[in-house]
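This report concerns the structure shown below. Please consult the sequence and coordinates while reading.

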Amino acid sequence: MKITKVKTEEKSNARGVAWYLRDRWEAIANNRLMLPILLMVGFVLSFGIPQFNLVNPYVQIIIMYIGINIILTTSLNIVNGYMGEFSIGHAGFMAVGAYVSSLLILYVFPRSLVFLFFPLGVIAGGVVAALVSLIVAIPSFKTRGDYLAIITLAFLFIVKSVLENISAIGGPRGIVGIDKLTTMPWVFFFTVLSLWVIRNFIHSNYGRGVLSIREDEVASRLMSVNTRQVKFLAFAVSSFFAGVAGALFAHLLQFISPRVFDVLKSTDILIMVYLGGIGSIAGSILGATIYTVLLEVLRPLGMFRMVLMPLLLVFLMLYRPRGIMGLRELRWFVPIQDLKFVKRWRRKKVVNDANSAS
Amino acid sequence: MYIIQQLINVLQLGSVYALIALGYTMVYGIIRLINFAHGDLFMVGAFISFIVATYLKLPFIPTLLISMTAVAMLGVSIERLAYRPLRQAPRMSAVITALGVGLFLENLILVFYPYPQSVPILLPTIVWNLGGISISFLQVLIIGLSLFLMLILDLIVRHTMVGMAMRAISLNKTIVPLMGVSVDKIISITFALGTGLAAVAGVMYSQAFPVIDPYIGILIGWQAFICAVVGGIGNIRGAMLGGFILAAVQIMVVAFLPSTYRDFVTFTLLLVILSFRPYGILGKPSMEKV
C-alpha cells in the first residue's frame, strides 16, 4: 500500500495484469475522495434498490442483513479487537435493543406515526443496551481475559433467562407481529452512523486509551490513562450499536424470542470479527460481508453448509491467523491528521537514521 | 429426606460437570487455550456410545472403552491439526479455531442424526431403597467412576513424570524443552486425558438422560466451562469443586424455585462469586508484569 513506488518502476516491464490491478487498487485506496463518492452511491442505491426493485426481494433482505452484521461486527470489534478483551455476550446486548425497541414501537408510540418514531425506537434500544452494559463494564474493572469472557457469557445467559421468565413480553415464545419497519435507507443510515462514530471514537483520545489497554493495562494506567472511564465508554459504545443492530434485526425478522439471541448468535458475530481481522474497521466490514454472503451462496448445499463453514474458518485461521485484514486498516478510515502524523513520524525517522548512519 | 435425595442428584450431575471441566482446565493450564470444542467432544463421546451400543450391541464396559479411545484419538488429532500450527499465533485466533472445530463437529453429527436419538440402556436398572431415599445403580456408578477417575488423574498429575512435565509446562513453556521434555508429546497426552474424561462424561450422561442430540455439547459444555472458571481455571482440584458447586446450585434452585429460574440464579451467583474472587475459588491471581 505504501512502498511500491520503487518496486513498480523496477518491474514495469514485466508487470502483468495482477500488478496493474494492484496499482489501480492502491490509487483507489489512497484516494480519499473515494469515500464520499462511495457514500453517495450507497445513499442513492439504498433508496433506488427498493424503489425500482433493481434486485429481487431476497437479495434485498440479504443486503440488509449484511448492513446489520457490519454494525454488529464493528461494535464487537471495539471490545474484542481494539480493547483486546474477549466478549461472548454481544447477542445479549442485541437482545436488549431488539426487545426494548419492538416493545416501544408496539405498545408505547402512537400507531399512526410509527414510521416517524422508528428511528427513535432504534436509538432507544441502543441507549438501554448501553445502560445495561454497566453490568459487564463494572466487573471488567477488576477482571480481565478469560474471566471477563465468562462474565459476558453469564450476562448473555442472564438476559436470556430474564426474557424467558417475564410472561408479559411473551416469555419463551417471544414477540410476534412486529411491523416490518427496517428498510434499506435506514439500514444504510445506521451502518454509516455506526462506522462513523466508531471510527471517530477509536481515533479520539478515549480510543487511544482503549488501544493502550490492549497493549498493556498496567502501563497505560501508569501513563495516567483513566482505564475505568475508557473501559466504561468502550463497553457503552459497543453495546449501544449492538442494541441498534438488534432493533434493526427485530424489525427485519418481524419475530424475536429469547432463543434467537443465544450463544450461537454470539459465536456468529465473533467469527465475523476474527474472520475480517481484529482492530480494523475495513476488516470488520469485509468479514461481515464475506460471512453473510458465503452462508447464502452455500445454501444449496443444505446441511453440509454448516459443516463446510466452520471448516473454512479453521483453514482461514491456520493460514491467516490474524484474519483477512490483520491489523491493517484501509486509509479511508484513518483521519487525515493521523495520516499526516504518521508521515511526519516517518520523515523524522528517516532523518534520524541518516544522522545516526553518518 | 428430600434434601438427601437432592444431594445424590447433585453428586450425579456434579461429577458429570467435573469430568468435563477437568478437560477444559487441563488444556487451559497447559497451553492457555479455551478449548471451546471440548463440550462437543463430550457430545461426540455420547454419540459414539450410542452408535456402538445400537449397531454393535456391545455391553457397557466395551462401549465406554471404545468411546474413550475414539474421542481421545479425535482430541489428539484436533490438537495436532488445528491447534498446534497456531501455538505461536495470537491467542484469540486459536480460540476462534476451537469455536470453528466445535461448530464443525456439531454440524457434522447433525447431518447424520438430525433428530434426537434415544440411547439404549446398557446398565441394569436396579434401584435401592434406603429409608425413603432411592439410589439407582446408575447413580452409584456415575459417582463412583467419576470420583475414581478424578483420583487417578490427580495422582497422575501430582506423582508421575508426565504429570510433573505437565505442571512444568504450565509454569514456564520456554524452559521445559531445554530440560529434555518433549512439549508436543506432553500436550498430546494432556489432550488425550482431558478428552477421554469428556467421553466418559458423555457416555454416562447419555445413560442418565437417554435422549441425545448434537446440541447437548453446547448446553453442558458451556456449563462445564463455567465450573472450570468458578474453581479457578487451570486448577484441577478447582474444576472438581466448581463442578459440584454448580450442580448443587442448579439442583437446589430447581428443587425450591420454579425451574425456569435456574439459569438466572446460577449465573447471577456466578457474577457474585467472580466479583469477590476474580480468579475463581482456588485460582491464584497471576502477576502482571510491565
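This is a predicted model: local features need pLDDT of at least 70, side-chain atom pairs count only at pLDDT 80 or more; totals for chains, interfaces and linings use all residues.

## Interface between chains A and B

Contacts between the two chains involve 37 residues of chain A and 38 residues of chain B. On the chain A side, at least two residues each are supplied by helix 8 (145–165), helix 11 (217–222), helix 13 (263–276) and helix 15 (304–319). Helix 8 of chain A gives the most to this side, with 13 residues. By residue class, the side of chain A that touches chain B divides into 27 nonpolar, 4 polar and 6 charged residues.

## Largest nonpolar core

The largest nonpolar core holds 190 residues. Those touching the most other members are A:M94 and A:A245 from chain A, together with B:Y17, B:I20, B:A21, B:A201 and B:C227 from chain B. Helix 1 of chain B (residues 2–31) contributes the largest share of this core, 16 residues.

Leaving aside residues up to four places away in sequence, B:A21 touches B:A224, B:C227, B:A228, B:A239, B:G242 and B:G243.

## Helix 4 of chain A

Helix 4 of chain A covers residues 57–82, 26 residues in all. From first C-alpha to last, this helix reaches 36 Å, close to the 38 Å expected at 1.5 Å a residue. A bend of about 35° occurs in helix 4 of chain A at A:L76.

Helix 4 of chain A is largely enclosed by the rest of the structure, because 19 of its 26 residues are buried. The helix is followed by A:G84, which has a positive phi, near 75°.

Methods:
Residues are numbered from 1 along each chain as its sequence is written. Chains are lettered from A and ligands numbered from 1 in the order in which they are written. Two residues are in contact if their C-beta atoms, placed from the backbone, lie within 7 Å. Helices (H or I, at least four residues) and strands (E, at least two) are DSSP runs, numbered from the N terminus. Ala, Val, Leu, Ile, Met, Phe, Trp, Tyr, Cys and Pro count as nonpolar, Asp, Glu, Lys and Arg as charged, and the others, Gly among them, as polar. A nonpolar core is a set of buried Ala, Val, Leu, Ile, Met, Phe, Trp, Tyr and Cys residues joined through C-beta atoms within 7 Å. A residue is buried if 20 or more other C-beta atoms lie within 10 Å of its own, exposed if 12 or fewer, and partly exposed in between; C-beta atoms are placed from the backbone. The expected span of a helix is 1.5 Å times one less than its number of residues. The bend at a residue is the angle between axes fitted to the seven residues ending there and the seven starting there.
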